[in-house]
Amino acid sequence: MVPIVSPFHPLSSEQIEMLKETIQQMVREHDEFLSSAAIEPPEQRVPFAPEPIERHADPLDHASEITSGDTRSGYRVRVSLERDRLARALSRLERTPQAFGQCATCAGNIPFERLFIIPYAQKCVTCKSSSQ
């Protein structure tokens with residue numbers, strides 16, 4: 001099924017300025033998180049050690065601690081990836097503001113509300129839904 005294409009109408013200058021400020025703030029917040037999040041030194045442990053680590057009486061406590069560390073580092077990676085997406089969106093917005101908000105698939109409008117929530121969105125809701 002071919003999506004219905006609405007003619008592209010560029011965002012207003014007020015919307016562009018609002019998006020620019022919002023994206024800049026989001027990038028700053030991501031940078032602050034990434035610079036302040038403690039980078040924990042690698043533990044002196046051997047994965048899959050044949051004997052339980054002495055500092056934990058219960059091996060499940062140790063497994064829980066390892067998983068917690070993995071979760072924190074995974075979150076840092078996700079924040080870093082989102083920060084990069086936001087920076088690329090800001091670059092696109094500054095480079096070609098008249099085309100920002102145009103769907104990469106159907107060339108229709110990406111609603112301002114969607115861009116405000118997901119500034120790096122490159123597809124309208126219809127095209128994004130049909131590609132999933």
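Met-18, Phe-116 and Ile-117 make a nonpolar surface patch of about 310 Å². Such patches consist of residues with over 30% relative accessible area and no salt bridge, nonpolar side chains (Val, Leu, Ile, Met, Phe, Trp, Tyr) being joined within 5 Å and like charges within 9 Å; a salt bridge is a side-chain nitrogen of Lys or Arg within 4 Å of a carboxyl oxygen of Asp or Glu. Areas follow the Shrake-Rupley method with a 1.4 Å probe, and for residues only the protein chains shown count as cover. Met-18 belongs to helix H1 and is partly exposed, at a relative accessible area of 41%. Here, buried denotes under 20% relative accessible area, exposed over 50%, and partly exposed the range in between (1.4 Å probe, protein chains only).

The model is predicted: local features need pLDDT of at least 70 and side-chain atom pairs count only at pLDDT 80 or more, while totals for chains, interfaces and linings use all residues. Residues are numbered from 1 along each chain as its sequence is written, and side-chain values use heavy atoms, with hydrogens and water left out.

The protein chain contains four helices and zero strands, in the order α-α-α-α from the N terminus. Helices (H or I, at least four residues) and strands (E, at least two) are DSSP runs, numbered from the N terminus. Of the 132 residues in the chain, 23% are buried. The chain exposes about 9,400 Å², of which carbon and sulfur atoms supply 57%. Among contacts (heavy atoms within 4.5 Å) between residues at least 6 apart in sequence, 62% join residues at least 24 apart.

The largest nonpolar core holds 19 residues, and the members that touch the most others are Leu-11, Leu-19, Ile-23, Phe-100 and Leu-115. A nonpolar core is a set of buried Ala, Val, Leu, Ile, Met, Phe, Trp, Tyr and Cys residues joined through side-chain atoms within 4.5 Å. Two or more residues come from each of helix H1 (13–36), helix H2 (59–95) and helix H3 (112–117); H1 gives the largest share, five residues. Leaving aside residues up to four places away in sequence, Leu-11 touches Ile-16, Leu-19, Phe-100, Phe-112 and Leu-115.

Two aromatic pairs occur in the structure. Rings of Phe, Tyr and Trp (its six-membered ring) pair if their centres lie within 6.5 Å; planes under 30 degrees apart count as stacked, over 60 as edge-to-face and the rest as tilted. The rings of Phe-33 and Tyr-75 are edge-to-face, because their planes stand at 85°, with the centres 5.3 Å apart. This pair links distant parts of the chain, as Phe-33 lies in helix H1 and Tyr-75 in helix H2, 42 residues apart. The rings of Phe-112 and Phe-116 have centres 5.9 Å apart and planes at 40°, so this pair is tilted. Both residues lie in helix H3, four residues apart, about one turn of the helix.

The accessibility of the paired residues is as follows.

| Residue | Relative accessible area | Class |
|---|---|---|
| Phe-33 | 29% | partly exposed |
| Tyr-75 | 42% | partly exposed |
| Phe-112 | 16% | buried |
| Phe-116 | 36% | partly exposed |

Arg-28 is also placed in helix H1 and is partly exposed, with a relative accessible area of 43%. Its C-alpha atom is separated by 8.9 Å from that of Arg-83, although Arg-28 and Arg-83 are 55 residues apart along the chain.
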